[in-house]
Amino acid sequence: MTIVFLVQTNYPQGWKAEITDSGEGGWLKNVSPTSSTTNPEDEEKENLSFEVEENPDSDSREGIITISCGNQLSLDVKITQTTEEPVSLKIQVKDKNGEYIDLDDNKLLFHSGNHTNPITPRELKVTWTPASENLVVDFDRSFDWWGEANDIQTIYENGTADLTIVPARLINRPADTWCPVEEKEITIQVGGDASTRKTISVERRHYEVYIERDERYHLDGNEHYIKLYSNTTWIARFDTTTMSQELRDCIKIIGKNPPEGGDNVGDATNLDEAGEEIWFLLKTPTTGSINEEVIINVTYDELDDKVDKKYVFRAYYEDKKDDFIAGGDANCYALKPDGKKNTDTGKPGKPLRTIRTANKSRG
């Protein structure tokens, strides 16, 4: 078996290594390298390896590797070989593909869930040696934080344990729209050996996005804006597939990050809680009237998942050139022979009556 440890010195001539006690039978051997290979001024750490033979007895045995710098500075490294099973602790988490991977930075992140979907549990697999020792788990079991779905024991046995972590859903507080990250800790160790203790940070976060907009926008040739608030990254797009060609021709994004070309896509990332204005131009159509629903699709991050929301407003335009006064709404008059109005000319919307006049002679 080959074992490696690190050596570092600032001594100008570097260090040297040799086995000064190889143990009974020479079971400690092959130290490499025997001297430093880097410039000491760089203060780099170097690997120093050595080999050990299998111990056939039940008794422990020792050997010594001496590391020296010049004639006055030296360090004896005692190597002890025992037949007892070493103490170890390993924690893995199941990823979205169902595979167990090492838990990075001993941290678990949860989003708060929403009104219809609960928080997705995270599954841990813990293995330790020696299996004869118990695994001790400790954490604050406050009900309002963990809820009733959590099921973590205090003691586990037999060298392996499956833990399901599922904090309660984070509820929005009226005074705190964005619900800052809340954190609890879980400590895990093998038996009474504090050197094996690992602390898992469990965080629950609430990600949210919403848009402020008017219910209706007039295609008046002016610039308008909607305001988007988020505490995570997002992308906003007008859904042009639901628009008529006439409306697509009238909407143009001119916001903070206007797209190249006419793709009608607005996006931004890492916004703060102050919100971001997305400006767009509503051009006046050349002909016809428009009254259509406009859909804005917003996609934002919730850890490894993506969440889509839909916001709606109406864009409208009334073509005045199409307006006209119907015959029924006109003021129509026939004239008498003397040029004065004849009020008995029929009802609006119907043809005027013919009024005949004649001179009568008295006889």
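The legends below describe close-up views of a predicted model.

**View 1. An open sheet of 4 strands.** The strand order in this open sheet is β8-β7-β10-β13, with antiparallel pairing. Its edges are formed by β8, residues 100-102, and β13, residues 160-165, each of which pairs on one side only. On average, neighbouring strands of the sheet are turned by 30 degrees against each other, direction ignored.

**View 2. The pairing of β7 with β10.** Strand β7 covers residues 88-94 and strand β10 covers residues 122-129. The two strands run antiparallel and are joined by 6 bridges. Leu89 has Trp128 of β10 as its bridge partner. Gln92 lies opposite Lys125, also a residue of β10.

**View 3. The pairing of β10 with β13.** Strand β10 is also joined to β13, here by 6 bridges. These two strands run antiparallel. Within this part of the sheet, Leu124 stands opposite Leu163 of β13. Strand β13 is one of the edge strands and spans residues 160-165.

**View 4. The second largest cavity.** A search of the whole structure gives 3 cavities of 30 Å³ or more. The second largest cavity, shown here, has a volume of about 50 Å³. By class, the lining has 3 nonpolar, 6 polar and 3 charged residues.

**View 5. Two buried cysteines, Cys69 and Cys250.** Cys69 has a relative accessibility of 8% and therefore counts as buried, because the cut-off for buried is under 20% relative accessible area. Cys250 has a relative accessible area of 4%, so Cys250 is buried as well. A disulfide is a covalent bond between the sulfur atoms of two cysteines. The structure holds 0 disulfides.

Methods: Residues numbered from 1 in each chain as written. Predicted model: local features only at pLDDT ≥ 70, side-chain atom pairs only at ≥ 80, totals over all residues. Heavy atoms only, no water. 1 Å grid on protein atoms, 1.4 Å probe; cavity = no way out; pocket = protein on both sides within 12 Å on 5 of 7 lines; lining within 4 Å. Points joined across faces, edges and corners; volume = space filled by probe spheres on them. Nonpolar A, V, L, I, M, F, W, Y, C, P; charged D, E, K, R; others polar. Disulfide = S-S within 2.5 Å. Buried < 20%, exposed > 50% of the residue type's maximum accessible area, 1.4 Å probe, protein only. Pairing = 2+ DSSP bridges. Axes fitted to C-alpha atoms, helices over the stretch in contact; angles between N-to-C directions.
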